Amino acid sequence: MDTRDKGFDSKLIHAGMFDDQFGSATVPIYQTSTFRFKNADHGAACFAGDSEGYIYTRLNNPTIDSLEKLIAELENGYRGIATSSGMGAVNTIYGAFLKQGDHMISTDAVYGPSRVVMEKHYSKFGVESTYLDTTKPDLVRKAIKPNTRMLYIETPANPTMSVTNLKEMVAIAREHNLITVADNTFCSPYLQKPLDFGVDVVFHSITKFLNGHADIVGGIIVSKNKELDSQLRPMMVNLGCNMDPHQAYMVIRGLKTLSLRMDRSQENAMTIARFLEEHPKVDWVKYPGLESHPQFDLAKKQMNGPGAMISFELRGGLPAGKTLMNEVKLCMLAVSLGGVESLIQHPASMTHSKMDKEAREKSGITDGLVRFSVGIENVEDIIDDLTQAFDKV
Ligand SMILES: *Cc1c(COP(=O)(O)O)cnc(C)c1O
């Protein structure tokens, strides 16, 4: 069925679906590494790209294909490329568009490994990078050099929850002929569609909101046109960071409730953000749905909702943070985000504990910073849990 003129929620249920031999109501899992050719001519046609036939699962597979079509429709893009993880998507993008001598500009508060892989590994191949606050367009303009090739944006970015103006970034990129890339993991296409603002390539850690159930790791890239897609796909295939058919099936299943999950978790997040803002043991709260957020107006225009990620600063620094982590019961003490379960994390004592304090604070990871991914539990239960844990701080 052609779902292109249907609403977002209908696409979640029906887009990418295909008719299999038995009229299956869900997308079947084609758990196979390879596909039989009908004869030598058919094999040749498949390799020449003249036939719709499948060849080998690292290249493509009907289950994975279905997911790629579905997410491309959700993002209003040309085509999806599923990857083994969000980092598989990051590496496919860097590898496809950057070569020796190129320079990339990125949001400074990006997902840690997206920066680590650039500064540790791509630098070995002569790729330069600059990390800066992309909420300030003048800083971006000043950082552009003759060899700048890519503008890489994460919005909202972690842990500051800063919101970058996508339209403004696209305008700057077009003046200088740069490829624009957006990490849309924190929003999912339900809340933000970067391609609609003119961004060239959008990607996700599927692990988070898109799958939504904390049970698989994966990624997806969607580009705005065929030309960009045809530069990306061979990179993914040759890096070997393809998705597995079973993994793709799990994501298709998880995606069906994306709107319902996002609505509930962001409704909970709004209530919790207000609760935190009024709590005497909390210094500040960063949430795009609060009037106190520095880009509150922009977030309202650019996003269809403020999302379910909250950062807040606990009074009492490192020991207070540790106590809170040790005392929560319903909220799970774990990294990752975007699942149906509430996850809480204290970067200074956990993910960033190996960094020295000065460098940590420079990148916005203060001693009392807590990152909270709000789930779909009863909001009273989440607040009760936080309240009893705060009482022990
Ligand atoms: C988790 C995450 C990634 C990396 O994804 P993996 O699936 O863990 O490889 C990239 N960007 C953001 C914003 C993330 O939260």
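I started with proline 156, which sits in the loop between S4 and H7. This is a predicted model, so I kept that in mind while reading the backbone. The peptide bond leading from threonine 155 into proline 156 is cis, with omega near -10 degrees.

Next I checked proline 159, which lies in the loop between S4 and H7. The bond from asparagine 158 to proline 159 is cis too, omega near 0 degrees.

I then looked up threonine 164, placed in the loop between strand S4 (148-154) and helix H7 (166-175). Is threonine 164 buried or exposed? I found it buried, at a relative accessible area of 0%. Leaving out residues up to four places away in sequence, threonine 164 touches Thr134, Thr135, Ile153, Glu154, Thr155, Met169, Leu298 and Gln302.

On to phi angles. Asparagine 177 is not a glycine, yet has a positive phi of about 60 degrees. I located asparagine 177 in the loop between H7 and strand S5 (179-183). It counts as exposed because its relative accessibility is 66%, and the cut-off for exposed is over 50%. Serine 336 also has a positive phi, about 80 degrees, and is partly exposed at 28%. Its loop runs between strand S10 (332-333) and strand S11 (343-345).

Last, the ligand. I noted 13 residues around it, the closest being Met87, Asp183, Ser205, Thr207 and Lys208. The shell splits into 4 nonpolar, 6 polar and 3 charged. A polar side-chain atom of aspartate 183 is 2.7 Å from a ligand nitrogen, and one of threonine 207 is 2.7 Å from a ligand oxygen. The protein buries 92% of the 380 Å² that the ligand exposes when taken alone.

Technical notes:
Residues numbered from 1 in each chain as written. Predicted model: local features only at pLDDT ≥ 70, side-chain atom pairs only at ≥ 80, totals over all residues. Heavy atoms only, no water. Near = heavy atom within 4 Å. Polar contact = N/O pair within 3.5 Å; in protein donor to acceptor, adjacent residues only side chain to side chain. Areas by Shrake-Rupley, 256 points an atom, 1.4 Å probe, with all protein chains shown as cover. Nonpolar A, V, L, I, M, F, W, Y, C, P; charged D, E, K, R; others polar. Helix = DSSP H or I, 4+ residues; strand = E, 2+ residues; numbered from the N terminus. Buried < 20%, exposed > 50% of the residue type's maximum accessible area, 1.4 Å probe, protein only. Contact = heavy atoms within 4.5 Å.
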